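Okay, thanks for making time, everyone. I'd like to walk you through one model this morning, stop by stop, so let's get it up on the screen.

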Amino acid sequence: MDVLHQTPTAKPSIPRLPPLTLSNPTMVAQHTPCTQHLSILPPELACKLFYHMLDLSRSWSRNRWWLFDRVVESPHRTSFFVREYTTDGSWHEAAQYWQAMYNGRKTDPPDVFPEVMEAACEYVEKVVNEEMSKRDRFPLEWAGHKPGDQLWHANVAAANCYEGRKESVGFHSDQLTYLGPYPTIASLSLGASRTFRLREVVPSDEISTRHARTFNVPLPHNSLFIMHASTQESFKHSVPPQSVLDLHRPLYPHPSRPSSPPEPTNRRINITFRFYRPDFNPKSTPRCKCGVPTILRADMKNRHDGKTDRYWWSCYAGAENDGKGCDFWQVMDMKAERRGPTFADRSREPI
Ligand SMILES: O=C(O)CCC(=O)C(=O)O
Ligand SMILES: [Fe+2]
């Protein structure tokens, strides 16, 4: 007797694309919602800023957070700067949550942009606003208090220092707590070149039809990488450890040692200039049952069409309270929470 074997239903195989190196700005713009800008600062300013941040980085700390029942430390040093102090100290509170605290230990007040960082920031702002003016805006993006306002300005910056080829940051998307939906983040690289890795989070309803691709972008000294609106919603990024690293040879000597030749270095400084939105001021951050500010995250597995996106506030258990958080979870509601004005609000205004 013949036995009929049922043939397994053949699933069409989805092609798995190999990682792709995006080796120039054209490729970056082609494959990601980001742009890359080489030689962004005058060379002397870039070198001065690099030395200044290197000197400061000796006192920067490693981020710490609770993972289950133990404290883990980030494999690089970090610090946080505000452009100027607000009278109500609101961004100071936000700064405390950059360097995740635990056991109720609060961080010191953040530093104000040093003069060289302020000078660099003015170049960065110009490029970011030029780039933004070429792109379509998403409905949930900040639209300014009045039409014609400069849409993006950096009011805070986070800085990272990676020493050697092994220091890194793992895959993540940046918290949106104070940035709000669809932020633009401008990331300046100084010193040793490292690879920046991007990987899309494919929405749930597309995982049966396509795989995400990994993109590797070399970030040379004095280059700006702009993560435009939708990058945090649809991609994760990292700076992975690497097997080899080219030393950076500064063009100029250190200002405090003008007669000694510049020394090659294995360190990279990254400064991410960020615009903390007025409508996501720390005062407006919901508190969870533990009584601490919640964090805002995008529902990355949902569709990102700029209209139906979902974001939620949840307990920041990783930061404090011995890692034991509560189950607080709340969908962010722009209207009920009186946030905006956004581009969606602008388009509803009578002309
Ligand atoms: O060092 C970099 O280029 C990325 C840093 C980063 O992802 C962050 O600070 O959130
Ligand atoms: Fe990041």
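Let's start with P286, which counts as buried, because its relative accessibility is 16% and the cut-off for buried is under 20%. Keep in mind that this is a predicted model. Where does P286 sit? Look in the loop between β13, residues 267-274, and β14. Skip the neighbours within four places in sequence, and P286 is in contact with V292, P293, T294, W313, F328, Q330 and R339. Pick out W313 from that list: P286 and W313 are 27 residues apart along the chain, and their C-alpha atoms are separated by 7.4 Å.

From that loop we can walk forward or back. Forward first.

β14 belongs to an open sheet of three strands, in the order β14-β15-β16, with antiparallel pairing. Which strands stand at the edges? Those are β14, at 295-298, and β16, at 329-331; each has a single partner strand, so one side of each has no neighbour in the sheet. On average, neighbouring strands here are turned by 30° against each other, ignoring direction. If you want to check the pairing yourself, β14 and β15, residues 311-314, run antiparallel over four bridges. One of the pairs to click on is I295, whose bridge partner in β15 is S314.

Now back to β13. Is this strand enclosed or open to the outside? Eight of its eight residues are buried, so β13 is largely enclosed by the rest of the structure. A quick reminder: in a regular strand, side chains alternate between the two faces of the sheet. Here R267, I269, I271 and F273 point one way from β13, while R268, N270, T272 and R274 point the other way.

Which strands pair with β13? One is β6, residues 156-163, antiparallel over eight bridges. There, A158 stands opposite T272 of β13. Another is β8, residues 185-191, also antiparallel, over six bridges. In that pairing, L188 has I271 of β13 as its bridge partner.

A word on annotation. The UniProt record, an unreviewed entry, carries "domain: Fe2OG dioxygenase" over residues 153-277. In the model, that span is 3% helix and 40% strand, and its end C-alpha atoms lie 10 Å apart.

Next stop, the metal. What coordinates the iron ion, ligand 2? The donors are H172 through NE2, D174 through OD and H237 through NE2, at 2.1 to 2.2 Å. Along the chain, these donors follow the spacing H-x1-D-x62-H. H172 lies in strand β7, residues 169-172, and H237 in strand β12, residues 235-239, so this pair ties together parts that are 65 residues apart in sequence. H172 is partly exposed, with a relative accessible area of 26%, whereas H237 is buried, at 4%.

Another histidine to visit is H37, in strand β2, residues 34-37. H37 is buried, with a relative accessible area of 15%. Its side chain makes a polar contact of 2.8 Å with the side chain of T35. Beyond the neighbours within four places in sequence, H37 is in contact with V127, E131, N222, S223, L224 and I226.

Last bit, for those of you who like to go through the backbone torsions. Most residues other than glycine have a negative phi, and most peptide bonds are trans. So where does this model depart from that? S39 isn't a glycine, and still has a positive phi of about 45°. S39 is in the loop between β2 and α2, residues 43-57, and counts as exposed at 61% relative accessibility. R338 also has a positive phi, near 55°. R338 sits in the loop between β16 and α6 and is exposed as well, at 75% relative accessibility. Then there's a cis peptide bond, from G340 to P341, with omega near 5°. P341 lies in the loop between β16 and α6, with α6 covering 343-348.

That's the tour. Happy to go back to any of these stops.

Technical notes
Residues numbered from 1 in each chain as written. Chains lettered and ligands numbered in written order. Predicted model: local features only at pLDDT ≥ 70, side-chain atom pairs only at ≥ 80, totals over all residues. Heavy atoms only, no water. Helix = DSSP H or I, 4+ residues; strand = E, 2+ residues; numbered from the N terminus. Buried < 20%, exposed > 50% of the residue type's maximum accessible area, 1.4 Å probe, protein only. Polar contact = N/O pair within 3.5 Å; in protein donor to acceptor, adjacent residues only side chain to side chain. Contact = heavy atoms within 4.5 Å. Pairing = 2+ DSSP bridges. Axes fitted to C-alpha atoms, helices over the stretch in contact; angles between N-to-C directions. UniProt positions renumbered as here; feature names shortened; annotations may be inferred. Donors = N, O, S within 2.8 Å, 3.2 Å for Na, K, Ca; no water.
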